[in-house]
Amino acid sequence: MRAKPHFAFFDEGSKKEIRRATLKAVAIPGYQVPFASREMPIARGWGTGGLQLTLSLIGKTDVLKVIDQGADESVNAVSIKKLVQETTGVQTTDQTEEADLIQSRHRIPETPMTKDQILVLQVPMPEPLRPVEAREYMTKRMHSEDDYSGAWLMLFEQIVKYGKTATAADHPVYVNGRYVMAPSPIPRFDNPRMHQSEALILLGAGREKKIYAVPPFTNVESLAFEDYPFAVESFKGKECQLCGSAHVFLDELIDQKTGEPVYQCNDTSYCMEQLNSREKVEVESSYA
Amino acid sequence: MHEEPILKVRNLRKQFGPGCSQCTNLDSNRLEKNYCTVCGTVYAVRDVSLDVYPGEILGIVGESGSGKSTLMQCLYFDTDVSSGEAYINTPVLAGFNVFDLSSQQKRSIRNHDYGMVYQNPVHGLKMNFSSVGNIAEKLIAAGNRNVGNMETTSKRLLDNVHIPLHRMKEEPRNFSGGMQQRVQIAKALSNNPPILFLDEVTTGLDLSVQANVLDLIKRIQRELGISMIVVSHDLAVIRMLADRTIVMLNGEIIEQGLTDQVLEDPQHAYTQQLVYSLL
């Protein structure tokens, strides 16, 4: 006999504890709140932090969307969606506008999010100072003393060695002018989209047992030197081969036949939406 | 002529252990060397008071375990003091006992007003960051956010301490001990601190490198007028560098005066022994 799982997998006590940590995180923007990360049916490092946030927040009427590196159909996203659906019975969707709760790994959806939505990001490495200081009690002290020379030093080293900041993803940000935060491995392209975001952004690191948050309408500033201003990835003159969108984050693929690089929307549901809306226009015009 | 000391230390005490009724009144008779035989509390630094004047080099000598390094660590806020006061004579800090300030303020003093050169470069440098980066770290901590500016300053400093510029992007772990020490000195000097601490900087270096480093320190003092506290157990180093000298034994100052005076005409039995042991 199979026991019926509790709603949203967790017992109520666990949800309460995670929500309490979340509230604290929202109250102190960018501050990493430690929490008792639960054992999950997926392995740590596969999105358990995000999953725990999702499960503790989700209600019966909510609609869930899960993305993995911009894709709704990747194995990890589908598995997480299934787990949440089986234990809660909530509806899932691919459409950013329809979702109440969006759990994501490595991307912020292209469609702008609203104040009624919550974005949950999965975080492998919540500590932006870890590469310079291995000891947790030291990094905690550095945060408390507002000593972020280490985070700046890493960028300085990259500039000295490569002539530019070489952070492909996870470029550190100042939140609300106080805490330096790892924005999770989102591309630099998504950093400015955290700034004054309408939606609440929650970040969960299951393996590192930390929850932190960017409340709505909070200043998020990427670290940058005066003479090396922050720059997002540039896709100038390139557009999606499927939907033709420019000004979005594009993946570079190699065309197997020609060997030439081609570009495609990283956010699959956004791309699909563009295609559908175009098709709709085509259909309407051809019938008319 | 009347001069105000740039660094004034009064009754600095550092003890390891809670102390007991036998030793809390600090009656030296009850202590064996610097620890209490009853409760085992170590009195590493006992009621040390000293003044450092602008542009002078103050030498501190003493045997191993006499409290020299602990004193330096206390002054540089690497460890907390048990009691005592220190005043730094800068416009912002005048009148404040710096030991009472918050850790954030202490960090700001370290970043702006202090430079430190440790005996072991591992403590003062980040071994897996480039030499330029190491120097920039101190500049960044002091609020500099301009890469070009910091690179220029770092290059000038590395040139000053005779590090070949083609190696400036290399990590200090690839350097010899003497080179590491010179990078550390460059780092300590990067934002022209009024006070520089040198803890056994030449210990473990061979003689020619030692001479190089000493030359450098002497030149820095002459050209930049930086006040320094030099800790060493090597009397030759002290004789060459220091204007005034303090002799420490078991956590206490037992003798102080002009360096020549202390070395030529030692008064305390221990100092006499120390001076006459010099080969």
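In this predicted model, 15 residues of chain A are in contact with 17 residues of chain B, where contact requires C-beta atoms, placed from the backbone, to lie within 7 Å. The side of chain A that touches chain B comprises seven nonpolar, one polar and seven charged residues. Here Ala, Val, Leu, Ile, Met, Phe, Trp, Tyr, Cys and Pro count as nonpolar, Asp, Glu, Lys and Arg as charged, and the others, Gly among them, as polar.

By class, the residues of the α5(A) contact with α4(B) are eight nonpolar, two polar and two charged.

As for chain A itself, its secondary structure comes to seven helices and twelve strands, which are DSSP runs (H or I, at least four residues, for helices; E, at least two, for strands) numbered from the N terminus. Of its 288 residues, 44% are buried, that is, 20 or more other C-beta atoms lie within 10 Å of their own.

On conventions, residues are numbered from 1 along each chain as its sequence is written, and chains are lettered from A in the order in which they are written. Local features need pLDDT of at least 70 and side-chain atom pairs count only at pLDDT 80 or more, whereas totals for chains, interfaces and linings use all residues.

Conventions
Contact = placed C-beta atoms within 7 Å. Buried ≥ 20, exposed ≤ 12 C-beta atoms within 10 Å, placed from the backbone.
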